[in-house]
Amino acid sequence: MLSLHSARQRARTTGTPAKIGLAIAGGGPIGGMYELGALRALDEALEGLDLTRLDCYVGVSSGAFLAAGLANRMDTTQMCRIFITGDSDDVQFRPEAFMRPAFFEYMKRAASFPRLAAEWWRELLFSPREARWSDLVTRFGGLIPNGLFDNGEVERFLRNVFTRRGRSNDFRELDARLYVVAVDIDSGDAVRFGGDDWNDIPISQAVQASAALPGLYPPVQIRGRHFVDGALRRTMHASLVLEQGIDLLIGINPLVPFSHNRDASVDEDRSLAAGGLPAVLSQTFRTLLQSRMQVGLARYAQQYPNIDQLVFEPNPDDGELFFTNAFSFSSRRRICEIAYRNTLADLRQRADALRPVLAAHGIRLRDEVLAQTDRSILDGIGAPPRDTETTARLRRALDDVDHLVERRRSRAKAK
């Protein structure tokens with residue numbers, strides 16, 4: 001599902017390169033894989049768009065890793081090799097490492113049980129009228145861990161990725177602006193890592209904080225403050241990109257409410273009510289996020305009328321996407337494939353409206369790709385290059401030279 005807002009009057013001077021920004025929302029492992037599939041489709045279907053050479057990126061939760069990877073010049077082909085085919089010679093992804101129980105958190109909470117129990121019995125014996133059984137929930141609620149899994153491995157994995165082969169774990173060393181958003185759990189304030197006051201925090205730690213979904217992962221402590229998932233305040237935080245004076249915004253949001261009535265293939269046994277509390281909570285969460293997203297997009301269209309905005313989302317009647325375990329890693333290839341084909345279908349169906357918008361920014365639709373209705377996300381990946389650390393850095397340097405030459409050539413033509 002594609003939301004398109006065409007600029008009323010484009011401010012960019014003819015012949016100057018377009019400034020393009022990318023905003024990627026969260027959505028857990030499944031949301032991240034949907035976003036990767038959508039990004040891969042855009043990469044293949046849009047000529048003149050280099051997702052690793054944009055002017056500004058913002059990522060939230062699982063979308064923060066994708067945004068940080070692209071800002072570090074990891075293209076969608078590399079990411080697909082890491083997360084889908086598993087044949088990358090660069091990064092080895094082990095899903096089980098991200099689901100390791102937070103044993104230290106469990107032990108820390110359990111250690112406080114004797115003290116809490118003693119206080120409760122003391123109050124019960126000496127002040128029985130003041131002691132209420134209903135107070136048990138409040139008093140012993142602190143024994144419940146604030147995260148099931150240890151997200152320290154998330155940070156270690158990202159630190160390893162961003163400190164090799166010419167990549168950087170420092171916001172200040174990137175060629176483009178990168179913002180990673182997390183929320184301070186004690187104040188409710190959103191913090192933009194990569195901004196002037198927070199650009200000294202390692203990217204890996206910022207992504208760890210942004211992806212700390214309450215209940216799944218514990219809050220991440222940075223500078224004495226505790227941070228959790230950035231989606232608690234806004235879904236996509238696209239305003240951070242729009243404020244940078246860009247000409248074109250591309251947004252991806254994987255979380256939309258499921259429309260059961262539109263999908264005849266889903267029987268009554270798979271209705272949302274029959275799915276129990278997890279399905280009801282998921283639908284509630286998605287509905288709240290989508291409502292907030294729609295309000296934000298309407299406001300952005302009014303506030304930034306001269307910026308073209310494209311936002312890609314799943315189809316609301318996609319039952320397979322909704323009923324897939326939100327924390328499953330095993331179904332990542334199937335979810336990527338769904339997103340890939342959905343995004344190509346959106347581009348194909350809205351081609352007439354998209355052509356003039358994209359052309360204004362030096363981008364054109366690759367009709368030869370869109371014509372392949374049965375195209376798979378694996379078709380364009382090919383065999384992985386066998387690079388060493390040295391050859392990877394050399395390849396990156398040569399790519400920098402090519403990019404610089406192309407930019408100077410484009411400027412010379414514009415004159």
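Residues 24 or more positions apart make up 78% of the contacts in this protein with a separation of 6 or more. The model is predicted. The chain has 415 residues, and 52% of them count as buried. Its secondary structure comprises 15 helices and 11 strands.

Start with helix α1, residues 28-45, and helix α12, residues 332-349. Two packed helices are described by the angle between their axes and the distance between the axes. For α1 and α12 the angle is about 45° and the axes are 7 Å apart. The two helices are therefore oblique to each other. Their crossing is right-handed. On the α1 side, the residues that meet α12 include Ile30, Met33, Tyr34, Gly37, Ala41 and Leu42. Among their counterparts in α12 are Ile335, Cys336, Ala339, Tyr340, Thr343 and Leu347. An α-helix has 3.6 residues a turn, so residues three or four places apart point the same way.

Helix α1 also packs on α3, at an angle of about 145° and with the axes 10 Å apart. This crossing is left-handed. From α1, Met33, Leu36, Leu39, Arg40 and Asp43 take part. From α3, the partners are Thr76, Thr77, Met79, Cys80, Phe83 and Ile84.

How enclosed is α3? Of its 10 residues, 8 are buried, so the helix is largely enclosed by the rest of the structure. The buried set is Thr76, Thr77, Met79, Cys80, Arg81, Ile82, Phe83 and Ile84. These residues pack against α1, α2 (62-71) and α12.

Phe83 leads on to the aromatic residues. Together with Phe65, Phe93, Phe157 and Phe162, Phe83 forms one aromatic cluster. The structure holds 9 aromatic pairs. In one of them, the rings of Phe93 and Phe157 have their centres 5.9 Å apart and their planes at 65°, so the pair is edge-to-face.

A second pair joins Phe193 and Trp198. Their ring centres are 5.4 Å apart and their planes stand at 80°, so this pair is edge-to-face as well. Phe193 has a relative accessible area of 0% and is buried. Trp198 is also buried, at 11%.

The charged end of Arg223 sits over its ring, 4.2 Å from the centre. A further arrangement of this kind involves Arg192 and Tyr179: the charged end of the arginine sits over the tyrosine ring, 5.9 Å from its centre.

Finally, turn to strand β10, residues 308-312, where Gln309 is found. Is Gln309 buried or exposed? Its relative accessibility is 3%, under the 20% cut-off, so Gln309 counts as buried. Which residues does Gln309 contact, leaving aside its neighbours within four places in sequence? They are Ser3, Leu4, His5, Leu242, Leu249, Tyr300, Ala301 and Tyr304.

Methods: Residues are numbered from 1 along each chain as its sequence is written. This is a predicted model: local features need pLDDT of at least 70, side-chain atom pairs count only at pLDDT 80 or more; totals for chains, interfaces and linings use all residues. Side-chain values use heavy atoms; hydrogens and water are left out. Rings of Phe, Tyr and Trp (its six-membered ring) pair if their centres lie within 6.5 Å; planes under 30 degrees apart count as stacked, over 60 as edge-to-face and the rest as tilted. Buried means under 20% relative accessible area, exposed over 50%, partly exposed in between (1.4 Å probe, protein chains only). A charge sits over a ring if NZ of Lys or CZ of Arg is within 6 Å of the ring centre and within 35 degrees of the ring normal. Axes are lines fitted to C-alpha atoms, for helices over the stretch in contact, and angles run from 0 to 180 degrees between N-to-C directions. Helices (H or I, at least four residues) and strands (E, at least two) are DSSP runs, numbered from the N terminus. Angles under 35 degrees count as roughly parallel, over 145 as roughly antiparallel, 65 to 115 as roughly perpendicular and the rest as oblique. A crossing is left-handed if the near helix is turned anticlockwise from the far one by less than a right angle, and right-handed if clockwise. Contact means heavy atoms within 4.5 Å.
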